[in-house]
Amino acid sequence: MVLSIADIHRSSTGRRVFWWLMFLLPLMPLAWIVFKTLEQDLGADPAQTIVTFLGLWTLRFLLITLAVTPVRRVFGWLWAQRYRRMYGLYTLFYACLHLLAFATFILGWRPDLIARELSERPYIIVGFIAWLGLVALGMTSTRGWVRRLGRRWQQLHYLVYPIAVLAMIHFAWLIRAGFGQVLFYALLLALLLGYRVKSLVKRRAGIVHPS
Amino acid sequence: MLIKQAPDIPSSEITSESVYRRRRQILKAMLAGGAMMAAHPAMALDRYALESDDKRYPGPDWLQTKLRAAKAGDPVTGESLTPYTDVTGHNNFYEFGLGKEDPKAKAQNFNTDPWKVEISGEVGKPGTYTLEDLLKPHALEERIYRLRCVEAWSMVIPWVGFPLGDLIKRFEPTGNAKYVEFTTLQDPAQMPGQRSFFSTLDWPYVEGLRMDEAMHPLAILAVGVYGDALPPQNGAPLRLVVPWKYGFKSIKSIVRIRLTEEMPKVTWNQTAPSEYGFYANVNPKVDHPRWSQATERRLPSSLFSPHIIDTRMFNGYADQVAHLYSGMDLRKWF
């Protein structure tokens, strides 16, 4: 008998096991980079390799988080909704590690260099603003804040869209040549944002989605 | 702007104090080693052989013989060499991919022997020469230079080569020769980066120097590194090394050297003229539009205390080369 993920979620044990699986999977990239660092297997410039790796995974988790709603509606995967906050928080987690690695391994926490990067470098400024936005969303992601903010919570959390666009600009601005990778992620983001635009147009036209 | 004139004696020729103080010891050691040196002239550069178990590249026999006869160079005072494994494992050579580890991974079957170089343009003796014939009259010497990448990392590398100016003189530049243009091999079958649909660079890669820059004794054509032949990922079999300019000026795997009257259309400048100038002199006061050039990370860099150093004007070679640019606005001619 083949069990679907929806079936697994019907039993409380299934739900618990699946929750742990979904919780532990996103820690794999971190475990991998820590392992490679300890093995000293990151080439001549491990600092840059680590920072780039963490940045890329931040973007991937952001896209996964943004994919939850479309996937739930298009494929009817109602269970996916349970993990949206978790993956949003993992986005923030990797963004913090990315920033921390940059400040430590690249800038060595030198105040003059930090001040210079934050005041003069557009791609750093854009990335930093995106990080601040993620912090705001992460801090208001608890049940208490959802209740306290009421309808305004949803309005606040629409910030994830401009944050994603800023993150993409931050990424694209680093490229010297060869835009294949950026194009791939930009297309994914365009697809996910395009889905929202489409739903919005439909809703305006009076067709309401069950959600 | 005040630019110091170059002193008559380049600092590389000045005996360092530590050597001067130990001169008697050193002389004695040299005499004792003389007999061995005569039997095995490789001594000088062989000192690198034991430093790493990474793959070495002996090159063709005729080149190996020349490399073994090369005179050892002076170390860069107070700065240690970047290890062989990093020099040959961390490369920007977009013909073999965009990642720093791509060239080492993808260039191992790159065929660099036999190799021909075309000398053309404003020269009295144009022609196409095998690398062996091209190198025949030139004795090789080691030059230990800082390499500063435009991406703000740097290394110290022991190249083996000979002055570019000596080669140019041999082919008798005409009175119209104002610039030297260099071209890298174009061979998409061997170079996967040249097949990439998403690359913003036009192939083949082209670089250039003004004639007086090319004739400067610090500008060399390199055929070796760490005492052996150049690995393919480092631009085998023949590359330029111009230590006072950003690394991308030091073009790799050269197949053509053309002397011209007009400024060559160089690849990075053509791709992003606001970011990369023709001169591309290392200059901590002129930032890349997207990042700072005031400091650099010397590789290899340890994680928790990154080796951040201040970038020096002309990469620390200002005494020797600043006079080439006297009167020029280096903000405009970046």
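**Interface, cavities and cysteines**

In the predicted model, chain A and chain B together bury about 2500 Å², and carbon and sulfur atoms account for 57% of this area. On the side of chain A, the greatest losses of area to chain B fall on Ala44(A), Phe105(A) and Arg176(A), which together make up 32% of what that side buries. The contact involves 30 residues from chain A and 32 residues from chain B. The size of an interface is often expressed as the accessible area lost when the parts come together.

A search of the whole structure returned three cavities of 30 Å³ or more. The largest cavity has a volume of about 380 Å³ and a lining of 27 residues. Those nearest its centre are Asn92(B), Phe93(B), Gly247(B), Phe248(B) and Lys252(B). Among the contributors to this lining, strand E4 of chain B, spanning residues 153-163, gives the most, with four residues. Classified by residue type, the lining of the largest cavity comprises 16 nonpolar, seven polar and four charged residues.

Cys149(B) counts as buried because its relative accessibility is 7%, under the 20% cut-off. Cys96(A) has a relative accessibility of 31% and therefore counts as partly exposed, a class that lies between the 20% and 50% limits.

Methods
Residues numbered from 1 in each chain as written. Chains lettered and ligands numbered in written order. Predicted model: local features only at pLDDT ≥ 70, side-chain atom pairs only at ≥ 80, totals over all residues. Heavy atoms only, no water. 1 Å grid on protein atoms, 1.4 Å probe; cavity = no way out; pocket = protein on both sides within 12 Å on 5 of 7 lines; lining within 4 Å. Points joined across faces, edges and corners; volume = space filled by probe spheres on them. Helix = DSSP H or I, 4+ residues; strand = E, 2+ residues; numbered from the N terminus. Nonpolar A, V, L, I, M, F, W, Y, C, P; charged D, E, K, R; others polar. Buried < 20%, exposed > 50% of the residue type's maximum accessible area, 1.4 Å probe, protein only. Contact = heavy atoms within 4.5 Å. Buried area = accessible area lost by both parts, 1.4 Å probe.
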